[in-house]
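I wanted to go through one protein model and write down what I looked up. These are my notes, in the order I made them.

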Amino acid sequence: FYFNGEFTGVRIGINKHPRIIVPITHIYLEHVFELVWIKCWKESEKVISERSGYLDKLRLLYARQIIDTDRFETLKTINNIRNEFAHSFNPEDKKIEKLSDKLQGHAYTSIRPWLERYIASCIDNMSVLSNILEKD
């Protein structure tokens with residue numbers, strides 16, 4: 001997985017371990033949410049604070065109809081997978097696999113299919129949100 005972040009100047013390099021991939025992609029998505037929110041709402045600083053998290057920002061994007069229901073549900077699933085890693089010392093592949101089944105439309109071939117679905121879904125969502133940022 002390699003993503004050259006135009007909006008952050010940060011590069012996410014190649015690393016196959018989920019403990020690295022999951023939190024980094026989650027943080028990057030949250031940052032993109034905030035950039036989209038700032039672009040789409042002139043007084044965004046009155047709504048988003050330093051204490052606003054991923055789910056807060058996601059709900060705002062959905063409430064303002066910046067993203068549709070399917071994308072909202074997909075991005076919530078990404079958050080649930082991240083939570084499995086953040087709140088469990090040893091997250092279970094079976095539990096995460098079940099969560100990742102909700103990430104539809106992404107093919108997989110690896111020994112950890114849930115991770116490929118997760119990565120593909122993150123890339124897809126980053127792309128869609130980046131397109132919003134590029135609009136005039």
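**Entry 1: ground rules**

I am working with a predicted model, in which local features need pLDDT of at least 70 and side-chain atom pairs count only at pLDDT 80 or more, while totals for chains, interfaces and linings use all residues. I number residues from 1 along each chain as its sequence is written, and side-chain values use heavy atoms, with hydrogens and water left out.

**Entry 2: the whole chain**

I looked up the secondary structure and found five helices and two strands in the protein chain. Helices (H or I, at least four residues) and strands (E, at least two) are DSSP runs, numbered from the N terminus. I wrote down the order from the N terminus as β-β-α-α-α-α-α.

I then looked up burial: 39% of the 136 residues of the protein chain count as buried. Buried means under 20% relative accessible area, exposed means over 50%, and partly exposed lies in between (1.4 Å probe, protein chains only).

For contacts, I noted that heavy atoms must be within 4.5 Å. Among contacts in the protein chain with a separation of 6 or more, 54% are between residues 24 or more positions apart.

**Entry 3: H1 against H2**

How do the axes of H1 and H2 cross? They come within 9 Å and cross at roughly 40°. The axes are lines fitted to C-alpha atoms, for helices over the stretch in contact, and angles run from 0 to 180 degrees between N-to-C directions.

I call H1 and H2 oblique to each other because of that angle. The cut-offs are under 35 degrees for roughly parallel, over 145 for roughly antiparallel, 65 to 115 for roughly perpendicular, and oblique for the rest.

I also noted that the crossing of H1 and H2 is left-handed. A crossing is left-handed if the near helix is turned anticlockwise from the far one by less than a right angle, and right-handed if clockwise.

On the H1 side I listed His26, Leu29, Glu30, Phe33, Glu34, Val36 and Trp37, which meet Tyr54, Lys57, Leu58, Leu60 and Leu61 in H2. I sorted the contact of H1 with H2 by class and got eight nonpolar, one polar and three charged residues. Ala, Val, Leu, Ile, Met, Phe, Trp, Tyr, Cys and Pro count as nonpolar, Asp, Glu, Lys and Arg as charged, and the others, Gly among them, as polar.

**Entry 4: H2 against H3**

The axes of H2 and H3 come within 10 Å and cross at roughly 175°, so I put H2 and H3 down as roughly antiparallel to each other. From H2, the contact uses Tyr54, Leu55, Leu58, Arg59 and Tyr62; from H3, Thr69, Phe72, Leu75, Lys76, Ile78 and Asn79. I counted seven nonpolar, two polar and two charged residues in the contact of H2 with H3.

I stopped at Gln65, which is in the loop between H2 and H3. Is Gln65 buried or exposed? Gln65 counts as exposed, at 71% relative accessibility. The phi of Gln65 is near 60°, which is positive although the residue is not glycine. Most residues other than glycine have a negative phi.

**Entry 5: aromatic pairs**

I found three aromatic pairs in the structure. Rings of Phe, Tyr and Trp (its six-membered ring) pair if their centres lie within 6.5 Å; planes under 30 degrees apart count as stacked, over 60 as edge-to-face and the rest as tilted.

One of them is Phe33 with Tyr54, with ring centres 4.8 Å apart and planes at 55°, so I noted the pair as tilted. Phe33 is in helix H1 (residues 18–40) and Tyr54 in helix H2 (residues 54–63), 21 residues apart. Phe33 is buried at 0% relative accessibility, and Tyr54 is buried at 4%.

Tyr62 and Phe72 form a stacked pair, 4.3 Å centre to centre with 15° between the planes. This pair links Tyr62 in helix H2 to Phe72 in helix H3 (residues 69–86), 10 residues apart. Tyr62 counts as partly exposed at 30% relative accessibility, whereas Phe72 counts as buried at 9%.

**Entry 6: H5**

I checked Met126, which is in helix H5. Met126 counts as buried, at 0% relative accessibility. From Met126 to Thr25 I noted 101 residues in sequence and 9.4 Å in space, C-alpha to C-alpha.
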